[in-house]
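Take a look at the model, try each task, and then follow the solution.

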Amino acid sequence: MTPPVPTKAAIRAEAERLFQAFQAAGAVPVDADILLPAETLLDLYGEDLRARAYVTADPLSGEMMLRPDFTVPVVQAHMAHGADPARYCYMGEVFRRQDHLGPRARDYLQVGYEVFDRANPAAADAEVFALFTRLLRPLNLRAATGDMGILTAAVQSLDTSIARKSALMRHIWRPARFRALLDRFSGRVPQSASRLMLLDRMASHNAMELMEQAGPLIGLRGADEIAARAEALVLDAAAPPVPTDQAAALGQILTLSGRLADVTAAVGQMAATLSGLAEVAARMARRMDELAERGIDARTLAFTAAHGQTTLEYYDGFVFSFHGANPEMPPVATGGRYDALTARLGAGRSIPAVGGVIRPALVAMLRGER
């Protein structure tokens, strides 16, 4: 049976309840503009964000975007004048463009909690997850966890070129593209005859001469950019393949799933092939200890190494989500660690940070509130 659709009053009441709970946990209430500069968000997430965000042009401020989430403006405000450590909470609407009719809302309330604390990141991860677990426990939701740091550490441990590592990192949140690149870099998928022919032509001829033969330039890229790209493709084609055992280990990570304690042990074993995973496994073990201190048993907590690959592109460590019984319903809550984002927005400064959001409309729906 489908739960009744809650009224706006019920949704607002649920949002206020969660907002007060976050404040009681020590968070300072903050707000963020609804219209945000599009340039910053597009720089972070790429042009793909346009497909799921509302973009408009302001005659004074230029291209603007309806707030797709709170994390970026909260991080910007903290890096400009925030205390260390700090805890924030917020409540307000976010906007997500939909490309077809369906149950997903185009705008909805979010209530969030963010922790900026460099003293003990594992404890901060456990704090946020335990707080969300406690607040959502009456709904009997399914918790899912992961760690994007496993994938990023594995990529950085590969015996391959910096360019190939950068390409994999750039597409780490796009699972299909990421796997296709890994298959190509490891030689598991042969390159097409037409691509090989083009690469051979670029390797044996001057790029500028080839462009002159092709006719006038069409598009936004200049001749120098095209020549540089051609040179990069030729160098990449000449690079040796990613070692078979490393490619296999990375492929295993993409499907690694089970209980947190078991996956932590498996990640530690794979450090023999991908050395960067040793520190990741140690960090996961510290997080398990912190979770246990807060009453969460790692032996029963579900964990998928690649969980978080399809979220907004700033999570780079621990990630989590809470789900109802209906698989078509969006997650009731999501969150994770985003240390790298603070460095990108902090003008050279950074601080470990983790947080999450809850959708009060879904909470009210599952409670049957009207």
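**Exercise 1.** Is the crossing of α5 and α6 left-handed or right-handed?

*Solution.* Before we start, note that this is a predicted model, where local features need pLDDT of at least 70, side-chain atom pairs count only at pLDDT 80 or more, and totals for chains, interfaces and linings use all residues. Residues are numbered from 1 along each chain as its sequence is written, and side-chain values use heavy atoms, with hydrogens and water left out.

Step 1: Find helix α5 at residues 148–156 and helix α6 at residues 162–170. Helices here are DSSP runs of H or I with at least four residues, numbered from the N terminus.

Step 2: Their axes (lines fitted to C-alpha atoms over the stretch in contact) lie 9 Å apart, at an angle of about 165 degrees. α5 and α6 are therefore roughly antiparallel, a term for angles over 145 degrees.

Step 3: The crossing of α5 and α6 is right-handed: the near helix is turned clockwise from the far one by less than a right angle.

Step 4: T152, V155 and Q156 of α5 touch K165, L168 and M169 of α6, where contact means heavy atoms within 4.5 Å.

**Exercise 2.** At what angle do the axes of α4 and α13 cross?

*Solution.* Step 1: Helix α4 covers residues 121–136 and helix α13 residues 277–293.

Step 1: Their axes cross at roughly 45 degrees and come within 8 Å.

Terms used: Axes fitted to C-alpha atoms, helices over the stretch in contact; angles between N-to-C directions. Helix = DSSP H or I, 4+ residues; strand = E, 2+ residues; numbered from the N terminus. Parallel < 35°, antiparallel > 145°, perpendicular 65-115°, else oblique.
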